[in-house]
Amino acid sequence: MKRHHFGFTLFAVWLCSVPLAADDGVFDQYRDLMGDDNPAVFVIDEGEELWFAPQGPESATLEACDLGLGPGVTAGAYVRFPRYFADADVVMDLESRLVYCMTTIQGRDLDVVNAKPYSLRGDFGTEMEALVTWLAAESEGATIAPEQTHAAERAMYTLGEEIFFYRAGPHDFSCATCHEQSDMRIRLQALPDLTSHSGAAEAWGSWPAYRISQGLVRTMGWRLRDCFRQQRWPELQMGSEVSIALQTYMAVNAAGGTMTAPGLKR
Amino acid sequence: MKALVTGITIALAASVTAWTMASDEIEAVLRNSFVAKNQATMDRLERDAVQSACSAPRGMPLDNDMLTTLRAERLNSVVLPPDGQYLGDWQRGAEVAGNGRGLQSSDDPTQPNGGNCYACHQLAPDEVAYGTLGPSLTGYGARGQSEAMLQYTWTKLWDTHAYNLCSHMPRFGAQGILTEQQLKDVMAYLLDPASPVNQAAE
C-alpha cells in the first residue's frame, strides 16, 4: 500500500517540473513510469468493502444485487452494460442499477441515494464512485459487449445517437461538435471521435478513471455531466434517460474493444 | 435485386421519419433528464430552426431547399455595426479570443463572456495551446481591410450559418454571446497588422 503513495508523490513532484505546454503525452509517460500504480487501487478496495457492507433499514449487503449475470455476480458484469432489466422493465447503466439495488434490497431512500452521486473537488469520493470503480475493475481485461438483444436496448442506442447530434444552447453545441472527428483537440486536450469504433472503445473502456488534476475517481456519468456543462446545457442527472442513452451509444460503438478501467486521466 | 433495393428505400425512409418524428419525444426525454443550474436554464434545451436543421445524425439525407432558405434567412438577419466601424482594440480582442468562460452553469454571469477562439483556432503563432476544430487563422490580416473583407469577417462572427449552414462555430453575435464592442475588438485582433496574429513567431 505504501508503495502506491510513494509513487504518486514522486509523480506529483515530477509533474510540477514539466513545462505547461506538455500535453497528453505527459500522461502516457506517467503510465510508462508508474505501470499499474493507479491511485484508483484505494478506491477499488473501498468499493469492494462497500459491496459487502450491510446498509439501510434492511441492513442488507449488495450481494443479492443482480447486475445481469445473476445475484452477486460481479466479475465481467460491467462490460455488458447498459442493459435491459426485466425486474425494473427499463434499460439501466451501472449507476442506475446500483441505485435500484440500494433502494429495493437495502431499503434506502431514493432521494437520499440520489442526492450526491459525484463528489465535489476536495471531497474524498462518494459511495457510488467507489462501487463503480470496483465493479469496473471486476471487468478489467474483458471484452466490451453491451446487450443489444431487447428492443428497449436497441431503442436506447437510437436515442443516444440522436442526442449525440442534438444541437442546442447558446453555443449550438452537440457532442458531435467536439467528438465526431478524429485527431482533433480543444486547446491541448485531445478529443476522441466517439462515432468511430476505435475512439469509442478507448474512451468507453477507460472510464471510470482517476483524474490526477482532481485527485478523485470519476465515473462516466460524471464525465457526461461535465461535457454537458461545457456544452452550456443544464445539469445532467445521474441515471437519467439521456445519460443511459449516450452511454449505450458509446458502449455499442465500443463493442469488441477491451475494458481497461479504471483509467488514469489528466 | 428489386426487392433488395425496395428494402433499402424503406429502411432509409423509416430512418428519416424516425429522426424527424422523434423530436417531441426527445424533448420530453431531455426535460426529464436535466435540471436547471444557475444561468443554464431549461429553455436552452429547445432548438431554433438552425439547431433543428443541423442536428441530423451523420449520413442522414437533408432537405436542400430548406437549407438554402434557412441560410438566406440567416444572411438577411445579420446586424452590421450601426456606426460602420468594424475594428476595435486588438489588445482587448486578444483577451476575448483567449477567454473560454461564459454561459456555463459554473461561470460567473457578472463577468464578460469569452469568445474562446483558441479552443478551435490557431491565431498568434506564439500561442501553442490552440485547438484544431477550425482552420488556422494565423496571418489572417494579410487578407486586408477592404469593405468586403470587413463585412465577410463580421458576418462570419455574427452568424457563421449565413455562409456555411451547420458550421461547428458558435453564432457570437446572433446568439448574444459577445457584445458589439467585443466583436469589434476580436475583429481588430484578426485584422490589425500590429496584432500578434499577424506577426511572425518569435
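Reader: Does B:Leu103 count as buried or exposed?
Author: In this predicted model local features need pLDDT of at least 70, side-chain atom pairs count only at pLDDT 80 or more, totals for chains, interfaces and linings use all residues, and side-chain values use heavy atoms, with hydrogens and water left out. Residues are numbered from 1 along each chain as its sequence is written, while chains are lettered from A and ligands numbered from 1 in the order in which they are written. B:Leu103 sits in the loop between α5 (90–98) and α6 (117–120) of chain B, where helices (H or I, at least four residues) and strands (E, at least two) are DSSP runs numbered from the N terminus. Because its relative accessibility is 15%, and the class boundaries are under 20% for buried, over 50% for exposed and in between for partly exposed (1.4 Å probe, protein chains only), B:Leu103 counts as buried.

Reader: What is the phi of B:Asn116?
Author: Most residues other than glycine have a negative phi. B:Leu103, which is not a glycine, has a positive phi of about 75°. B:Asn116, which also lies in the loop between α5 and α6 of chain B, is partly exposed with a relative accessible area of 24%, and its phi, again positive in a residue other than glycine, is near 55°.

Reader: What share of the 202 residues of chain B count as buried?
Author: Chain B has 8 helices and 1 strand, and along the sequence these follow the pattern α-α-β-α-α-α-α-α-α. Its accessible surface, from the Shrake-Rupley method with a 1.4 Å probe, for residues counting only the protein chains shown as cover, comes to about 10500 Å², with 55% belonging to carbon and sulfur atoms. Among the 202 residues, the share that counts as buried is 42%.

Reader: How many residues of helix α4 (residues 94–104) of chain A are buried?
Author: Chain A contains 11 helices and 8 strands, and 55% of its 266 residues count as buried. In α4(A) the buried residues are A:Leu94, A:Glu95, A:Ser96, A:Arg97, A:Leu98, A:Val99, A:Cys101 and A:Met102. The helix is therefore largely enclosed by the rest of the structure, the buried count among its 11 residues being 8.

Reader: Where is A:Pro208 placed in chain A?
Author: Two cis peptide bonds can be considered together. The bond from A:Ala261 to A:Pro262 is cis, with omega near 0°, and A:Pro262 is in the loop between α11 and β8 (263–265) of chain A. A:Trp207 and A:Pro208 are also joined by a cis peptide bond, with omega about 5°, and the place of A:Pro208 is the loop between α9 (197–204) and β5 (209–211).

Reader: Which residue of chain A meets the side chain of B:Lys37 in a salt bridge?
Author: A:Arg225, in helix α10 (residues 220–230) of chain A, touches A:Tyr118, A:Glu235, A:Leu236, A:Gln237 and A:Met238, not counting residues up to four places away in sequence. Between chain A and chain B there are 2 salt bridges, each a side-chain nitrogen of Lys or Arg within 4 Å of a carboxyl oxygen of Asp or Glu. With 3.1 Å from N to O, the side chain that B:Lys37 meets in a salt bridge is that of A:Glu235.

Reader: What area is buried between chain A and chain B?
Author: The two chains bring 38 residues of chain A into contact with 49 residues of chain B. In chain A, A:Tyr166, A:Arg167 and A:Arg187 lose the most area to chain B, together 21% of what that side buries. Buried area is the accessible area (1.4 Å probe) that two parts lose on being put together, summed over both. Carbon and sulfur atoms give 56% of the area buried between chain A and chain B, which is about 4000 Å².

Key. Contact = heavy atoms within 4.5 Å.
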